[in-house]
Amino acid sequence: MSSDHLAHQHRTTPSAALSTDTFTCVRCGLTVSSYAADTTRRNHCPSCLHSRHVLDQVEGGPSACGSRMSPIAIAVLRTGDWTLVHRCVRCGELSSDPVCADDNQLILMRMAVRPLADPPFPLEAFGTL
Amino acid sequence: MPRRTRRSGRDQRVRPQRHKDVLHGAGRHRAHDFRCTGCRLDVSLVAPGTAHRNHCPNCLTSLHVDLRIPGDRAAGCGGRMEPLSLTVRPDGEWMLIHRCLSCGRLSANRIAGDDNALVLVRLALRPLQDRRVANSALLAVR
């Protein structure tokens with residue numbers, strides 16, 4: 001088996017040592033496994049949905065900030081999947097991460113309906129459309 | 001309407017573009033408006049409610065010109081940015097999140113007073129169209 005094939009296999013299915021890897025959430029302190037149940041890499045806490053600023057979104061590569069990123073919005077892709085938009089609380093950079101299956105549904109729903117709770121214009125006119 | 005780049009008729013020679021005398025920079029006559037890349041609407045920079053208009057009030061499309069700081073004009077991309085989602089500030093103000101269609105970068109901007117309300121509400125209702133997530137949220141409550 002070639003090393004190229006091994007590298008590809010390593011990328012798609014993590015080894016047993018990697019699948020037991022954990023990280024601690026910077027906000028709620030929950031110990032989270034780095035890989036979700038469907039072997040995708042996690043980048044936010046499933047309980048409070050907060051993340052860490054470790055990737056530089058402008059130039060790529062690791063970021064020097066390393067601060068907490070709070071979830072601010074939900075975006076819907078053309079495929080219908082939900083995507084979480086994070087903003088760094090220190091430098092204000094935005095990033096988007098796909099939503100995991102075991103993420104906190106209440107926080108997701110709260111963010112989805114939050115713009116409609118306090119609209120800047122009356123919504124009654126849309127009932128006549 | 002598609003832009004015609006190929007000439008029809010006998011004259012097939014390619015002429016280099018003419019030199020422009022008019023600068024579209026700061027202080028010139030085009031410093032206070034821009035043309036939308038999505039719907040080609042001429043947009044004035046004077047907007048009610050905000051001093052930093054960066055998107056078209058009709059179709060909410062923006063242009064990727066800023067790199068890290070808003071207004072630095074340092075991005076080399078120049079791609080079209082589509083409105084992706086809405087977020088709310090702690091003081092209740094709506095913010096628009098754009099994503100560049102060319103490089104995928106995200107940016108946030110306040111909505112202006114003359115932004116298209118129908119497009120804004122459609123954007124706000126987009127996550128709620130799929131009822132699977134609402135059903136799972138109800139299951140989480142029980």
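Reader: Where does B:L60 lie?
Author: B:L60 lies in the loop between strand 2 (42–44) and strand 3 of chain B. Helices and strands are DSSP runs, numbered from the N terminus: H or I with at least four residues for helices, E with at least two for strands. This is a predicted model, so local features need pLDDT of at least 70 and side-chain atom pairs count only at pLDDT 80 or more, while totals for chains, interfaces and linings use all residues. Residues are numbered from 1 along each chain as its sequence is written, and chains are lettered from A and ligands numbered from 1 in the order in which they are written.

Reader: What is phi of B:L60 near?
Author: It is near 65° for B:L60, a positive value in a residue other than glycine.

Reader: Is B:L60 buried or exposed?
Author: B:L60 is buried, with 23 other C-beta atoms within 10 Å. The cut-offs: a residue is buried if 20 or more other C-beta atoms lie within 10 Å of its own, exposed if 12 or fewer, and partly exposed in between, with C-beta atoms placed from the backbone.

Reader: And A:T39, buried or exposed?
Author: A:T39 is exposed, with 11 other C-beta atoms within 10 Å. Its phi is positive, about 55°, although A:T39 is not a glycine. A:T39 sits in the loop between strand 2 (31–33) and strand 3 of chain A.

Reader: New topic. Which elements does chain B have, and in what order?
Author: Chain B has 2 helices and 6 strands. From the N terminus on, they run β-β-β-β-β-β-α-α. Buried residues make up 23% of the 142 residues in chain B.

Reader: What sheet is there in chain B?
Author: Chain B has an open sheet of 4 strands in the order 3-4-5-6, with antiparallel pairing. Two strands pair if DSSP finds at least two bridges between them. The edge strands are strand 3 (62–63) and strand 6 (106–110) of chain B, and each pairs on one side only.

Reader: How many bridges join strand 3 of chain B to strand 4?
Author: 2 bridges join strand 3 of chain B to strand 4 (residues 80–88) of chain B. B:S62 stands opposite B:M81 there.

Reader: What about the sheet in chain A?
Author: In chain A, 4 strands form an open sheet in the order 3-4-5-6, and the pairing is antiparallel. Strand 3 (51–52) and strand 6 of chain A are the edge strands.

Reader: How many bridges join strand 4 of chain A to strand 5?
Author: 7 bridges join strand 4 of chain A to strand 5 of chain A. A:V76 stands opposite A:W82 in strand 5 of chain A. The two strands form a hairpin with 5 residues between them, and A:G80 in the turn has a positive phi of about 95°.

Reader: How many bridges for strand 5 and strand 6 of chain A?
Author: Strand 5 of chain A and strand 6 of chain A pair over 5 bridges, in the antiparallel sense. A:H86 stands opposite A:S95 in strand 6 of chain A. They also form a hairpin with 5 residues between them, where A:G92 in the turn has a positive phi of about 80°.

Reader: What about helix 3 of chain A, where is its kink?
Author: A kink of about 30° lies at A:M111 in helix 3 of chain A, shortly before the proline A:P115. The bend at a residue is the angle between axes fitted to the seven residues ending there and the seven starting there.

Reader: Which residues of helix 3 of chain A are buried?
Author: They are A:L108, A:M109, A:M111, A:A112 and A:P115. These pack against strand 4 of chain A together with strand 4, strand 5, helix 1 and helix 2 (131–141) of chain B.

Methods
Two residues are in contact if their C-beta atoms, placed from the backbone, lie within 7 Å.
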